[in-house]
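Please read the following points beside the sequence and the structure. They are set out for a reader who is new to such notes.

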Amino acid sequence: MTTRTVEASENAAGLERQGIATAKRIVVKVGSSSLTSIKGGISEKSLTHLVDALAAKRNAGTEIILVSSGAIAAGLAPLGLAKRPKDLATQQAAASVGQGLLMARYTQAFNAHGVTVSQVLLTADDLMRRTQHTNAFRALDRLLNLGVVPVVNENDTVATHEIRFGDNDRLAALVAHLVRADALVLLSDVDAVYDGPPSQGARRIPLVRGPQDLEDVTIGKAGKAGVGTGGMMTKVEAASIAAGSGIHALVTSTANAAAALAGEDVGTWFAVNGNRKPVRLLWLAHLATVQGRLVLDDGAVRAVRDRHRSLLPAGISEIGGEFEAGDPVEMVALDGSIVARGLVNYSSEELPRMLGRTTQELGQSLGRGYDREVVHVDDLVLLRGPRSSKLGA
């Protein structure tokens, strides 16, 4: 790419940044390390600084959805815990205590600006099933129409490992799609994505046009605070998910919140490089825990990948792993390269006797219900990736 092309691209991104200043609907995510510490629980100063910026934006006419981490971290001190617990039960207990404390602080801080907040707790299941994510959208949309700032968090008190987002950065990316936001702003204690360790003189990366811009960049994991789960890696992944699906994204620090919402040149801007996709397919592509593997013959690969058809039993040569009907599975070519992910209509116990047979034959020999696709085209997402892992082999 020439210098002139890069400059033109950065200028265009600058204009996009300025669009945040007039955006109608923005999702803002803040991390645990920006709001809490193990010793002091919730930081009143940090929370108030953030709320001041968000409330000013809301009172200027922009709809704000706040995705806030911090429930587990806020519950550590009251429970006398010295560090973030590793076992799920204690995490759930800390979240149960901390969520109420966190919402009480948000309610008080936003009330000072005449802004009402609400609590919305979600699990991955709420965004993967059509009825539930439709209900979630209606609830959030109505709250926004009423002038409320929804404070969204993962429902850590009841979520299991199997249905967790893993971190609130990915949750924020999916919520941005769910509510059809104009932009996603990801806030932490680091002011931007850098091309190396900031402590070693690395430079800020002001613009990411696509994955190729980060190929040679080492991205950091969770920081030293000990209260978060993500780090810069998950923020880059979430911003990339958003940008690749039609939503502008910005990664910066909580200290820069007001400047970011004003469209100033702070942080790292992720330029849109794809079209919007159904939120359920985003979950399937980026968040779903794969339970099994289906090996496709060459004809099935062409049908699924090139002609966008459903996967039929006749095109499957092998299966791996243990799964139930409705579970996410990976579809791979004979050479092991990943083709797609999808929600399978049959269990791993049912499928072996169906392989290589037509749906008409299966319907006649096994009865009604066995003449369906193994993975319907509406329940699969195409991928371009490395060779598959040997799941269940």
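1. The axes of α8 and α9 cross at roughly 15° and come within 8 Å. Axes here are lines fitted to C-alpha atoms, for helices over the stretch in contact, with angles from 0 to 180 degrees between N-to-C directions. The two helices α8 and α9 are therefore roughly parallel, a term for angles under 35 degrees, whereas angles over 145 count as roughly antiparallel, 65 to 115 as roughly perpendicular and the rest as oblique.

2. Sorted by class, the contact of α8 with α9 has four charged, four nonpolar and two polar residues. Ala, Val, Leu, Ile, Met, Phe, Trp, Tyr, Cys and Pro count as nonpolar, Asp, Glu, Lys and Arg as charged, and the others, Gly among them, as polar.

3. The model is predicted: local features need pLDDT of at least 70 and side-chain atom pairs count only at pLDDT 80 or more, while totals for chains, interfaces and linings use all residues. Residues are numbered from 1 along each chain as its sequence is written, and side-chain values use heavy atoms, with hydrogens and water left out.

4. Helix α8 (residues 168-178) also packs with helix α11 (residues 279-286), at an angle of about 160° and with the axes 9 Å apart. α8 and α11 are therefore roughly antiparallel, and their crossing is right-handed. L174, H177 and L178 of α8 meet V279, L282 and W283 of α11. This contact of α8 with α11 has five nonpolar residues, one polar and no charged.

5. Helix α9 (residues 232-243) has twelve residues; from its first C-alpha to its last it reaches 16 Å, close to the 16 Å expected at 1.5 Å a residue. The expected span is 1.5 Å times one less than the number of residues. Nine of the twelve residues of α9 are buried, so this helix is largely enclosed by the rest of the structure. Buried means under 20% relative accessible area, exposed over 50% and partly exposed in between (1.4 Å probe, protein chains only). The buried residues of α9, including M232, V236 and A243, pack against β1, α8, β7, β9, β10 and α11.

6. Helix α3 (residues 44-59) has 16 residues and should span 22 Å at 1.5 Å a residue; its end C-alpha atoms are 21 Å apart, which agrees. Among its buried residues are L47, L50, K57 and R58. Just after α3, G61 takes a positive phi of about 115°.

7. Which residues have a positive phi although they are not glycines? R180 has one of about 60°, and H308 has one of about 55°. R180 lies in the loop between α8 and β7 and counts as exposed, at 58% relative accessibility. H308 is found in the loop between α12 and β12.

8. For the chain overall, there are 13 helices and 15 strands; helices (H or I, at least four residues) and strands (E, at least two) are DSSP runs, numbered from the N terminus. Of the 393 residues in the chain, 52% are buried.

Terms used:
Left-handed = near helix turned anticlockwise from the far one by under 90°. Contact = heavy atoms within 4.5 Å.
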